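This report describes selected features of the complex shown below.

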Amino acid sequence: MWKMLYFWKEFIRIMKKRNLIFGLIISLIFAVSCEEDDVCVGEGTPYLTVVFRNIQTQENSVDTLFVERLDQNLENPDTLYTWALTDSIKLPLGGLDESVSYFRIKKRASAIPDILTVHYNTKTSYVSKACGFRITYENLTYEATYNNIQSLLPGESNVLENESATNLYIYYNY
Amino acid sequence: MNQLRIFIFIIIINFSATLTAQQDSINLEAGTVLAEKADSLTSKKKAGNLFIGVDVFTPVLFAFTDKQGGQAMVSYRVYEKWNAVAEAGYEKNIYDELGWNVDVNGIYFKLGFNWFVSQDHEDPSNGFYAGARLAYAAYEQTVNQYPIRVSGNQIDSYGSFPSENVSAYWFEIVGGGRIRLLGNLYADVSVRPEIYLGSKKQEGLEPLVIPGYGKDIGPINFSLFWGLTYKLF
């Protein structure tokens, strides 16, 4: 009888301690399984930020934009924006082995399109497991056909490392 | 009439229960005193048990994962519930996800202690324990392929780095148990939350797989030890 009672008391004592330890471990497992770091968010290769302005008022002008990316022969258009009512666009530049990108830009559906050419040098840098290495761009220079575009104004920096700054202003008559 | 009978019956039961309960508490006190005495006696008698063990779970994993290697451990009972533990192992592993392909192979050491939460009175080596380890891995890393991504996170091209000797260290919290199977042979199983502390990096890259620590390096990782241990003395 004594032994029996002692056994149960001891059993409960041990189980309490044991539950504490395993409870801790199980809650840790849950805490860890919620973690998700396989998705690259916000730190990858930046886009080129382009803002449209009216040359008369010198203010940003919102209009319907059509933007396509072209290959080196100015063929195989890859649509980036259609019927986009905005005053700023983000253009993806090329990969590590490229040094020039071409874009066909049209403001308003019936207008004659212009070709924007962007020259650059590429550089890689390590970001994270999910993002891998990203590309940053240096020595950015711009050219355009002036069908409807009135002028180009590069931003303060000719280096593209993040998307917070505007890299290029495009001036139109409207 | 019937209700009254039930009422009296309940009172009698309650009363007897209080009586027995009082008796129980006296018995328990006596029992505890006896057991504590027995406990302290056995504990003092058997200070110093040396265990050697091997990991038997990793070889099973060979068939299912890229992980290859082995681990051995030594555990010595220093004082009563405290055991000093040293572990060493070799691991070869591959990280092949998210555009990466990284090979590692190297050795690792873990030093620490186990504290027995509960022990058998007959055999203090039998029981559940909690513990901690400080671990260090010295290994060779080859980045066969790393992804270079353009805007929109599409992989544009791949690069690579040659082999380099790197190292990493981390902290482990251990919870587990050791149960006697037969004779001096024991089964030892433990779960270990691992907390990554730091590393000597190759080209500034965070490690993606570390021998002894595992893959998918976050701030916390998990590993299991399923081992057979043998009591030498």
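Thr145(A) lies in the loop between strand S7 (132–144) and S8 of chain A; strands (E, at least two residues) are DSSP runs, numbered from the N terminus. Ile115(A) is 30 residues from Thr145(A) in sequence, yet their C-alpha atoms are 5.6 Å apart. Beyond neighbours within four places in sequence, Thr145(A) is in contact with Asp114(A) and Ile115(A), a contact being a pair of C-beta atoms, placed from the backbone, within 7 Å.

The model is predicted: local features need pLDDT of at least 70, side-chain atom pairs count only at pLDDT 80 or more, and totals for chains, interfaces and linings use all residues. Residues are numbered from 1 along each chain as its sequence is written, while chains are lettered from A and ligands numbered from 1 in the order in which they are written.

In chain A, an open sheet of four strands runs in the order S4-S1-S9-S8, with mixed pairing; pairing requires at least two DSSP bridges between two strands. Strands S4 (88–91) and S8 (149–154) of chain A stand at the edges, each with a single partner strand, so one side of each has no neighbour in the sheet.

| Element of chain B | Mean pLDDT |
|---|---|
| Helix H1 (residues 2–45), lowest | 48 |
| Strand S5 (residues 127–149), highest | 94 |

Notes: Contact = placed C-beta atoms within 7 Å. pLDDT = per-residue confidence, 0-100.
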